[in-house]
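Work through the exercises below with the model open beside you. Try each task before reading its solution.

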Amino acid sequence: MIFREVEDRDLIAKARRGDVDAFGILVSRWEKRIYNYLLRLVGNREEAMDLSQDVFLKAWQNLKKLEDADRFSSWLFRIAHNEAFSLLRKNRPETALTADPAVADRSARLYPVELTLAVQHALTRLSDDQREAVLLKVYQGFKFDEMAEILGCPVSTIKSRLYAALDLLKDTLAPVGARGVQ
Amino acid sequence: MTCSSIDLKAYVLGELPESEKGLVAGHVRECASCGEEMERLSLTHLALVSLRDEEVPRRIAFVSDKVFEPRWWQRVWRSGPAMGFASAALLACAILAHGLLRPAPWAGPSVTVDTAAVERRVAAEVNERINARVNAMVSEAVAKAVFDTNLRQQRRTAELLAGVEKKYDLQRKADLLAFEANLEIVSKQQARTFMASSGLEVKP
């Protein structure tokens, strides 16, 4: 990771000087993380793909505003957060919860795909803020203070959202997790 | 440590410092309700992390976007002919700089070079130099031999002279001794003669 960070810093420096190829390498390194973060946040592949394009385009346009190259990941996820919530605020309907076939039978052992569906469904039951907190913490591995920087709110708010999300997920996923790891 | 002071969620999410992890783990082993809660949270976390990342459906690329289009000087710079032109210009500059910085050569009138004459002249010059060098070496060797010979002759002469002087010195000493003996005899004879003529008895 240390070497990776050093190389990212070099690439960022080159990209700041207008090196498109260097920025292309940065995109290839981060696109999967950003895409999956956005996909789990907005729940739609096409929208996640379009948002990913927008995120990297804005990153390129604003790269010179990045003060500390070591904070590139937080800065990039901050852009992704803004793009995603801009879309969610605009057109996300409050969809009714649908029955999840994967968790319909609570006695049978789950296959991996069923476990995946169960987790995806459980995530959709969270509020956008709660889901985003889970995504940043569980899937992206950010610390509380980094999440606070990305989301622009205090650490206490982050913990509140995350703990509330865990309480909700626990009811659904604890039995699923138990069956999934049998 | 009480149940209310235990942050099981922070433990599961990896946010607790190492110093507190042991305390929480110890409490969970002793407290049944906290143990059950820890198990539920761990299973939840396990289920969450089982969700795998999807591959990006298509490559995110912005090369076709306006903002990524190279500027006019970038297009010129990256084009092949331009690079060729730049290389030629660089080479021309290097030659020009070399010509300006190098000391000017002799700018006499142009002459037709007679190669054979030059070769003959060079050969003569070489022979002349070789002969001069050989003569110098021979002269030096002869001078050294003469010097050595003279030195040996001088030493020999000195040795002979010393021998002769020694011989004549011995001879002179011998002559001197003989002369002294003869002189004594003569003196004795003269004394006898004088005493005889004086009527004195001469004792034998």
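**Exercise 1. Find how many residues of chain A are in contact with how many of chain B, and say which helices of chain A supply them.**

Solution. Start with the ground rules. The model is predicted: local features need pLDDT of at least 70, side-chain atom pairs count only at pLDDT 80 or more, and totals for chains, interfaces and linings use all residues. Residues are numbered from 1 along each chain as its sequence is written, while chains are lettered from A and ligands numbered from 1 in the order in which they are written.

Step 1. Apply the contact test: C-beta atoms, placed from the backbone, within 7 Å. It pairs 34 residues of chain A with 23 residues of chain B.

Step 2. Assign helices, as DSSP runs of H or I with at least four residues, numbered from the N terminus. On the side of chain A that touches chain B, at least two residues each come from α2 (20-42), α3 (45-61), α5 (112-124), α6 (128-139) and α8 (155-180). The most come from α8(A), with 10 residues.

Step 3. Sort by class. That side of chain A has 21 nonpolar, 8 polar and 5 charged residues. Here Ala, Val, Leu, Ile, Met, Phe, Trp, Tyr, Cys and Pro are nonpolar, Asp, Glu, Lys and Arg are charged, and the others, Gly among them, are polar.

**Exercise 2. Is Ile150(A) buried or exposed?**

Solution. Step 1. Locate Ile150(A) in helix α7 (residues 144-151) of chain A.

Step 1. Count neighbours. Ile150(A) is buried because 24 C-beta neighbours lie inside 10 Å.

Step 2. List partners beyond four places: Ser74(A), Phe77(A), Arg78(A), His81(A), Leu136(A) and Phe142(A).

**Exercise 3. How many residues of α6(B) are buried?**

Solution. Step 1. Take the range: residues 115-197 of chain B, 83 residues.

Step 1. Count. The number buried is 0, so α6(B) lies largely in the open.

Terms used:
Two residues are in contact if their C-beta atoms, placed from the backbone, lie within 7 Å. A residue is buried if 20 or more other C-beta atoms lie within 10 Å of its own, exposed if 12 or fewer, and partly exposed in between; C-beta atoms are placed from the backbone. The expected span of a helix is 1.5 Å times one less than its number of residues.
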